Amino acid sequence: MKKTIFILVLAAFSLSLSSCLKDKPNTDFSGIGTVIELPYSGLQYFSLDAITDAQDTITRKFGINIASASPLSTATSYTIVNSQALLTAYNTANTAIDYQPMPAGSYVLSKTSGTIPAGGRLDSVTVTIYKNMLDPSKSYMLPIALASASNGILSGNFNAHYYHFIGNDFAGTFKQDFQRFNEADSLGAFNSGASFTGGSAIIQPVSPTELNAATGYAGGAYVYDITFTKTGTGASAMYTNFAVSFTAGSISGASGSGITLTQTPVFFQNGKPAASTLAGPYTFAQAVQLFHFQFQAHTSADRYLLDRFYK
């Protein structure tokens, strides 16, 4: 236990670029030996390696650290690999999400080997991920692991980054129609200056059964949060319990811009508001037609807002 705590302390020092352990003269590191590690990695920090960025090109930078009582007198060479064995082991132990390997061309490592000079402690590697090359309906994992080091031993706990992307059956690029009606009490003539048809929208996965999509109103002032239940797999899968609301962050952000929500979002069906929940069951083809929402907001006047997302 003491050994693990010492390694954690050293990892924190390395990540903050505090390279000299002699700054802690009253701490006894003599029993540790030399451990080569990836600070803040492993299954303990799995959630930190989730890829949730909205942009297409994503970069992550991680460190390779020498944890030892004193700086080493010789250089330390190391290698890292994309470990498919770790991906298989993770899927075997955790069956809720079936992670697929990130395909060739969807990521680039700045290097797969390096050398930390004598007296040094830290090196770094950059991972670039091209999210537009991934199928947003699938979940992917890129486990980058330490494979070898010329000095010391490899850490047993802090030895891999599990970069992962959670997919969702309905995630991806949709077309979007948006209409803003200025009347407060009817769906009459809409405001053609603020409305649009055939726009491009990305419905983002939050989990395999939760999605986020930005409304067309006020530059995406509100963000829909859509949840559902899935039963079965493949073409026979069925979807139930659809619900729509707004994310808390988007509500507070819109309020800060002087926009007040006066009606929470509901599904819009057959030319009129339906409900905030739809029980189903639905096939995939039926469910993908459900993303048609209405809500009401107020700035200088009340208005009805309609968003439709479709393929």
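Guide: Ala, Val, Leu, Ile, Met, Phe, Trp, Tyr, Cys and Pro count as nonpolar, Asp, Glu, Lys and Arg as charged, and the others, Gly among them, as polar. By that rule, the lining of the largest pocket has 5 nonpolar, 9 polar and 4 charged residues. This is a predicted model, where local features need pLDDT of at least 70, side-chain atom pairs count only at pLDDT 80 or more, and totals for chains, interfaces and linings use all residues. Residues are numbered from 1 along each chain as its sequence is written, and side-chain values use heavy atoms, with hydrogens and water left out.

Visitor: What makes a space a pocket?

Guide: On a 1 Å grid over the protein atoms alone, a pocket is an open set of points where a 1.4 Å probe fits, with protein on both sides within 12 Å along at least five of seven lines. Lining residues have an atom within 4 Å of a point. The largest pocket has a volume of about 430 Å³, where volume means the space filled by probe spheres set on the points. It has 18 lining residues, and S137, K138, S139, D169 and K230 are the closest to its centre.

Visitor: What does pLDDT say about the chain?

Guide: pLDDT is the predictor's confidence in each residue, from 0 to 100. The protein chain averages 86, and 87% of the residues score at least 70. Residues 1–29 stay under 50. The model has 37 contacts (heavy atoms within 4.5 Å) for that stretch beyond four places in sequence. Where pLDDT is low, the predicted coordinates should not be read in detail.

Visitor: Why is S47 called exposed?

Guide: Exposed means over 50% relative accessible area, buried under 20%, and partly exposed in between (1.4 Å probe, protein chains only). S47 has 59%, so S47 is exposed. S47 is found in the loop between β1 and β2. Its C-alpha is 8.8 Å from that of Y162, though the two are 115 residues apart in sequence.

Visitor: Why do Y40 and N241 count as partly exposed?

Guide: Y40 has 29% relative accessibility, so Y40 counts as partly exposed. N241 has 45%, so N241 counts as partly exposed too. Y40 lies in the loop between β1 (35–37) and β2 (57–67). N241 lies in strand β15.

Visitor: What is the phi of each?

Guide: Y40 has a positive phi of about 55° although it is not a glycine. N241 also has a positive phi of about 55° and is not a glycine. Most residues other than glycine have a negative phi, and most peptide bonds are trans. A cis bond joins G280 and P281, with omega about 10°. P281 lies in the loop between β18 (277–278) and α4 (284–287).

Visitor: What makes a group of residues a nonpolar core?

Guide: The members are buried Ala, Val, Leu, Ile, Met, Phe, Trp, Tyr and Cys residues joined through side-chain atoms within 4.5 Å. The largest nonpolar core has 33 residues, of which F170, Y222, F242, F291 and F309 touch the most other members. Its largest share, 4 residues, comes from β15. Beyond four places in sequence, the contacts of F242 include F170, I226, F267, L278 and F291. A second, separate core has 23 residues, including Y78, I116, L146 and F165.

Visitor: How many helices and strands does the protein chain have?

Guide: There are 4 helices and 20 strands. Both are DSSP runs numbered from the N terminus: helices are H or I, at least four residues, and strands are E, at least two. Buried residues make up 42% of the 311 residues.
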